[in-house]
Amino acid sequence: MRVTLFDYGAGNLHSLTKALATEEGVDVRVEESPARAVDTDVLVLPGVGAFGSAAARLAPGRDAMRSALEKGLPCLGICLGMQLLFDSSDEGEGAGLGYFAGRVTRLTSRRVPQIGWNQVEGDRTLSGAKLDTAYYAHSFVCRVEDASVVTGWTTHEEDRFPAVVRRGRVVGVQFHPEKSSSSGVAFVRAFLREVAS
């Protein structure tokens, strides 16, 4: 199975690559071109960086990537990667993929960013792995237009927002599974197994 990380030049991909490679038979590669990144079995949008600069890197291949997702290309979007699956963000200019309808806004909590462990409420994303607690590091969250795509919620202070969204073979997570201990890695492996079948 070829798994491609779309690199928008934002950060260290080492821990994510390591988590993906724990599943047997997975060949992980990193691709800077959004148009070439979709020539794969599974696309991963990593979770470090700012929306505006990532959207700018995505722009030349945005239509090709959105089309590939609509045609069934499995995708895991992590933190910023999840936010790029939405229409737009208050964090920066540029368009996301618009695969999920909604906008990314700043947390309404007193303590921002949210950094640390928090609950994943009622996770029903994957049959092979359920997460109760995960590691978060973010200041912005996705506000969905259609709550039926939310498969897990979380709350920081008084702000309740999606921890996980899913439509078809595309999953977005606000947390960092690659930093969420063995249960986070199990979540990644369960996703890869499910989309491989």
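Q: Okay, where is cysteine 79 found?
A: Cysteine 79 is in the loop between strand S4 (75-78) and helix H5 (80-83). Helices (H or I, at least four residues) and strands (E, at least two) are DSSP runs here, numbered from the N terminus. By the way, this is a predicted model: local features need pLDDT of at least 70, side-chain atom pairs count only at pLDDT 80 or more, and totals for chains, interfaces and linings use all residues. Residues are numbered from 1 along each chain as its sequence is written, and side-chain values use heavy atoms, with hydrogens and water left out.

Q: Is cysteine 79 buried or exposed?
A: Buried, with a relative accessible area of 5%. Buried means under 20% relative accessible area, exposed means over 50%, and partly exposed is in between (1.4 Å probe, protein chains only).

Q: What is cysteine 79 in contact with?
A: If you leave aside neighbours within four places in sequence, cysteine 79 is in contact with Gly47, Ala137, His138, Val173, Gln174, Phe175 and His176. Contact means heavy atoms within 4.5 Å.

Q: Which residues does UniProt list for "active site"?
A: The unreviewed UniProt entry lists Cys79, His176 and Glu178 for it. They span 100 residues in sequence, yet no two of their C-alpha atoms are more than 11.1 Å apart, so they gather at one spot. UniProt positions are in the numbering used here, feature names are shortened, and annotations may be inferred rather than shown by experiment.

Q: And where is the place of glutamate 178?
A: Glutamate 178 is in the loop between strand S12 (170-173) and helix H6 (181-196). Glutamate 178 counts as buried, at 14% relative accessibility. Not counting residues up to four places away in sequence, glutamate 178 touches Ser15, Leu16, Ala19 and Ile78.

Q: Which side chain does glutamate 178 join in a polar contact?
A: That of histidine 176, at 3.0 Å. A polar contact is a pair of N or O atoms within 3.5 Å; within protein, one must be able to donate a hydrogen and the other to accept it, and residues adjacent in sequence count only if both atoms are side-chain atoms.

Q: Let's switch to sheets. What is the strand order in the open sheet of seven strands?
A: The order is S2-S1-S3-S4-S12-S11-S10, with mixed pairing. At the edges are strand S2 (27-31) and strand S10 (150-156), each pairing on one side only. From one strand to the next, the twist averages 20 degrees. Two strands pair if DSSP finds at least two bridges between them.

Q: How many bridges join S3 to S4?
A: Three, and the two strands run parallel. Leucine 43, for instance, has cysteine 75 in S4 as its bridge partner.

Q: What about S10 and S11, how do they pair?
A: In the antiparallel sense, over six bridges. S10 and S11 form a hairpin with two residues between them, and glutamate 157 in that turn has a positive phi of about 55 degrees.

Q: And how do S11 and S12 pair?
A: Antiparallel as well, over four bridges. Valine 165 has glycine 172 in S12 as its bridge partner. S11 and S12 also form a hairpin with two residues between them, where glycine 168 in the turn has a positive phi of about 65 degrees.

Q: How many of the residues in S11 are buried?
A: Seven of its nine, so S11 is mostly covered. Aspartate 159, found in S11 (residues 159-167), counts as buried at 5% relative accessibility.

Q: What does the side chain of aspartate 159 reach?
A: The backbone nitrogen of threonine 108, at 2.9 Å. Aspartate 159 and threonine 108 are 51 residues apart in sequence and 6.1 Å apart in space, C-alpha to C-alpha. The side chains of aspartate 159 and arginine 143 are joined by a polar contact of 2.8 Å.

Q: Last one: what do the buried residues of H6 pack against?
A: They pack against S1, H1, S3, S4, S11 and S12. Among the buried residues of H6 are Phe187, Phe191 and Val195. An α-helix has 3.6 residues a turn, so residues three or four places apart point the same way.

Key: Axes are lines fitted to C-alpha atoms, for helices over the stretch in contact, and angles run from 0 to 180 degrees between N-to-C directions.
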